[in-house]
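Subject: Handover of a structure and notes on its contents

Dear colleague,

Please find the structure below.

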Amino acid sequence: MDLAGAPLVGRMLERIKACKSVDVIILAIPDTAENLPLKELGLNYNVIVFLGSEPDLVDRYWQAALSVKADIVVRLPADNATPQWDEIDRIIDHHISLGRPGFSSNICNFWDSGYPDGIGAEVFDMCLLRDIVSRNLLPHNREHVHTNFFNYETGEPVDSGWCPVSTVQCREEIRRPDLVLDVNTREQYDFIKKLYEALYPGNSNFSIVDIINWYDNEYRIK
């Protein structure tokens, strides 16, 4: 879907490339004919494209990460159209500073961290992904990698002894847990499309601060 003249996934990749703590960007997509446009898009944006299982995201992540010999995986869902590069760097740096395997997230208002929904990322270690690859997982757990580490519905770790969970508190100036920047519905896409049309032409590197100012002073007023 178009956002100010380019596909949503392309706009995501533009923003992710500004991350300083990300070594390799992989567009991990299903190995199906209908996903060939995404393959071409990834190649046009000069990122690695990995084609894997459509329903088994655990295996797709595992194989994609193995292909670049990753130690740590940073998960960025393709429905988050405005990833904020410095906040992604922040959760990666926090995760590494802990000095042990685990799961860290600032992808939403995680444990009342105050984050807007859709600007951060999830970070977990390859050794933990290796642990779950061969397990007899339910289809839901194979499709949604994070459910093996953390239950967002209950706010509880799956097994804190095996996989400790952590987050960081959102900076006060962008502390807006009410703001949802996901694209799961047509209504949400229409909102993000207006956001890009308002901000992108004047500043292709618009930040979450710019988004908040636009939302409060222009979008909501209209």
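How many disulfides does a search of the whole structure find? The search finds zero, where a disulfide is defined as a pair of cysteine sulfur atoms within 2.5 Å. In general, a disulfide is a covalent bond between the sulfur atoms of two cysteines.

Before going further, please note that this is a predicted model, in which local features need pLDDT of at least 70 and side-chain atom pairs count only at pLDDT 80 or more, while totals for chains, interfaces and linings use all residues. Residues are numbered from 1 along each chain as its sequence is written, and side-chain values use heavy atoms, with hydrogens and water left out.

Cysteines

The sulfur of cysteine 170 lies 12 Å from the closest cysteine sulfur, that of cysteine 108, which is too far for a bond. Cysteine 170 has 6% relative accessibility and therefore counts as buried; buried means under 20% relative accessible area, exposed means over 50%, and partly exposed lies in between (1.4 Å probe, protein chains only). Cysteine 19, at 9% relative accessibility, counts as buried too.

Aromatic rings

A pair of aromatic rings is described by the distance of the centres and the angle of the planes. Here, rings of Phe, Tyr and Trp (its six-membered ring) pair if their centres lie within 6.5 Å; planes under 30 degrees apart count as stacked, over 60 as edge-to-face and the rest as tilted. By this rule there are 19 aromatic pairs. One of them joins tyrosine 61 and phenylalanine 124 in a tilted arrangement, with 6.5 Å between the centres and 40° between the planes. Tyrosine 61 belongs to helix H3 (residues 57-67) and phenylalanine 124 to strand S7, so that the pair links distant parts of the chain, 63 residues apart. Helices (H or I, at least four residues) and strands (E, at least two) are DSSP runs, numbered from the N terminus. Tyrosine 61 and phenylalanine 124 are both buried.

Phenylalanine 191 and tyrosine 215 form an edge-to-face pair, 6.0 Å centre to centre and 90° between the planes. Because phenylalanine 191 lies in helix H7 (residues 186-199) and tyrosine 215 in helix H8 (residues 208-219), this pair ties together parts that are 24 residues apart in sequence.

One aromatic cluster includes Tyr61, Phe124, Phe150 and Trp162. Phenylalanine 150, in strand S8 (residues 150-151), is buried, with a relative accessible area of 2%. Leaving aside residues up to four places away in sequence, phenylalanine 150 touches, among others, Phe103, Phe110, Trp111 and Val165; contact means heavy atoms within 4.5 Å. The charged end of arginine 135 sits over the ring of tryptophan 162, 4.6 Å from its centre. A charge sits over a ring if NZ of Lys or CZ of Arg is within 6 Å of the ring centre and within 35 degrees of the ring normal.

Helix H1 (residues 8-16) is mostly covered, with eight of its nine residues buried. Its buried residues pack against several elements, including strand S3 (26-30), helix H2 (36-44) and H7. Arginine 11, one of the buried residues of H1, lies over the face of tyrosine 200, at 3.9 Å from the ring centre.

Strand S5 (residues 72-75) has Val73 and Arg75 on its covered face, and Ile72 and Val74 on its uncovered one. S5 pairs with strand S7 (residues 122-125) in the antiparallel sense over four bridges; two strands pair if DSSP finds at least two bridges between them.

Yours sincerely
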